Amino acid sequence: MLKSNNPQLTSWVETPEGTDFPIQNLPFGIFSAGGSKRVGVALGTQVIDLGVLAELGYINIAGVENKVFESEYLNDFMMSGKTGTRAVRERVSELFSSDNNELKNNTDHISKVLVEQSEVELHLPIKVGDYTDFYSSREHATNVGTMFRDPNNALLPNWLYIPVGYHGRASSIITSGQPIHRPKGQQKPNENEPPTFGPCKLLDFELEMAYFTFQGKPLGQSISVDEAEDYIFGMSLFNDWSARDIQKWEYVPLGPFLAKNFASSMSPWIITMDALDAFRCETPEQDPEPFEYLQFEGDKSFDINIEMYIQPDGGEENKVCKSNYKHMYWNPSQQLAHHTVNGCDINCGDLMGSGTISGPTPDSYGSMLELAWKGTKPIQLSDGSERKFILDGDTVIQRGYCEKDGVRVGFGEVSTKVLPAL
Ligand code: MN
């Protein structure tokens, strides 16, 4: 076990009971406090300014230059790979542990290093180069297949063999707090009439998680399932916005296009795979046995609770579903091994979406399409209104956390308000 993951660790920085960011977490993000963007680590209600901490001489890790902490994105820091990023997190853990006195009694340095989270602005933490979205939840794929094709053959024949995915678009990835406008596009609401054009009427969220890669291997080489985790930096919450009516009309034969590339929202703190190590869990049994290049040993998935809330304009939050990353049929190592098995190269800062994660029960479905079952079972909100899909003025909030042995490692939140079409 990494020293930083010891459940007994406490910090001399006071962290509130139930915080997403205890000393066992230490996620990385990009923040500004009136000045330039820089790399920070969340601890309780504080942000640790790594740029200042490094400048003051507290971080001396081989292969990690101080200037990477004064960057607009985490990518420069991520270029130091698993070894460098792990060493920095371990060092931060050591410095802020209760039994360490290096910084604890230096009030001058502390005042320069710590900033209240309420006083900072959080930014998109990673410059995403390429974005791939998988389709790895069996329950989600089954629900969609049942609704749109055939309940008796809901899964397509390839699904149990291939971690199905598609290449998305990185330019429209945004972070928490940035509103989106309802997308416009072509739809075909009536089978027997020509298509129409206008604002999307079936706007949906997708409850997903994303992981972000370190620099991979050169084009032509593959990353095996056993080494895959060495190439993964960490994870965030991911709401992959979807326009269902645009999707339905456009997706044949080449797959999703404008229904998916108008916005995808990620949370601003990246929880490292090191922090998630304590929350490993089994995945669903795989039958038929996967091809050899997808076979793995040990626990390669993570027990992450994920929730979605809808907050009507001026109203209160309504929890509409609760799912878990552990429901995924294909784990992240299998996804990465599959992605590169043909020689496709991955780069530092690539984003891999899980696909919508639905659980086995109706309250664990990860999209409005499934929760309201194609509009046939509207969701009741506390203000008396109903939702089949997302309305203008609604804010959709995603939260997530792991919990074990009295330690909670949280992801914070990603919140996105939907504004009317332009
Ligand atoms: Mn998706």
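This is a predicted model: local features need pLDDT of at least 70, side-chain atom pairs count only at pLDDT 80 or more; totals for chains, interfaces and linings use all residues.

Reader: Good. Which residues are the protein donors of the manganese ion?

Author: Asp133 and Asp240 donate through OD, while Glu206 and Glu208 donate through OE. These donors lie 2.1 to 2.2 Å from the manganese ion.

Reader: And what spacing do the donors follow along the chain?

Author: The pattern is D-x72-E-x1-E-x31-D.

Reader: Are Glu206 and Glu208 buried or exposed?

Author: Both Glu206 and Glu208 are buried.

Reader: Switching to voids. How many cavities of 30 Å³ or more are there?

Author: One, from a search of the whole structure. About 60 Å³ of space lies in the largest cavity.

Reader: What lines the largest cavity?

Author: Lys82, Thr85, Arg86 and Arg89 are in the lining, along with Phe214, Ile232, Phe233, Thr272, Met273 and Asp274. By class, that lining has four nonpolar, two polar and four charged residues.

Reader: Which element gives the most to that lining?

Author: H3, with four residues. Helix H3 (81–95), strand E14 (232–239) and helix H7 (273–276) each supply at least two.

Reader: Where does the largest cavity lie relative to domain 1 and domain 2?

Author: It lies between them, because domain 1 (3–123) and domain 2 (131–419) both give residues to the lining of the largest cavity.

Reader: How does the lining of the largest pocket divide by class?

Author: It has 18 nonpolar, eight polar and 12 charged residues.

Reader: What about the second largest pocket, how much space lies there?

Author: About 330 Å³. The second largest pocket is lined by 18 residues, and Thr15, Thr19, Pro22, Gln24 and Gly406 lie nearest its centre. By class, its lining has seven nonpolar, seven polar and four charged residues.

Reader: Where does the second largest pocket lie relative to the domains?

Author: Between domain 1 (3–123) and domain 2 (131–419), because both give residues to the lining of the second largest pocket.

Reader: Let's look at Glu17. Where does Glu17 lie, and is Glu17 buried or exposed?

Author: Glu17 lies in the segment before strand E1 (28–32). Glu17 is exposed, with a relative accessible area of 82%. The C-alpha atoms of Glu17 and Arg408 are separated by 9.7 Å, although these residues are 391 residues apart along the chain.

Reader: Last topic, the sheet. What is the order of the five strands in the open sheet?

Author: E9-E26-E25-E20-E21, with mixed pairing. Strand E9 (180–181) and strand E21 (318–324) stand at the edges with a single partner strand each, so one side of each is left without a neighbour in the sheet.

Reader: How many bridges join E9 to E26?

Author: Two, and E9 and strand E26 (residues 407–419) run parallel. Ile180 stands opposite Val418 in E26.

Reader: Thanks, that covers my list.

Terms used: Residues are numbered from 1 along each chain as its sequence is written. Side-chain values use heavy atoms; hydrogens and water are left out. Donors are N, O and S atoms within 2.8 Å of the metal (3.2 Å for Na, K and Ca); water is not among the atoms, so sites may look incomplete. Buried means under 20% relative accessible area, exposed over 50%, partly exposed in between (1.4 Å probe, protein chains only). On a 1 Å grid over the protein atoms alone, a cavity is a set of points where a 1.4 Å probe fits but cannot get out, and a pocket is an open set with protein on both sides within 12 Å along at least five of seven lines; lining residues have an atom within 4 Å of a point. Grid points are joined across faces, edges and corners, and a volume is the space filled by probe spheres set on the points. Ala, Val, Leu, Ile, Met, Phe, Trp, Tyr, Cys and Pro count as nonpolar, Asp, Glu, Lys and Arg as charged, and the others, Gly among them, as polar. Domain bounds come from an automatic or database domain assignment. Two strands pair if DSSP finds at least two bridges between them.
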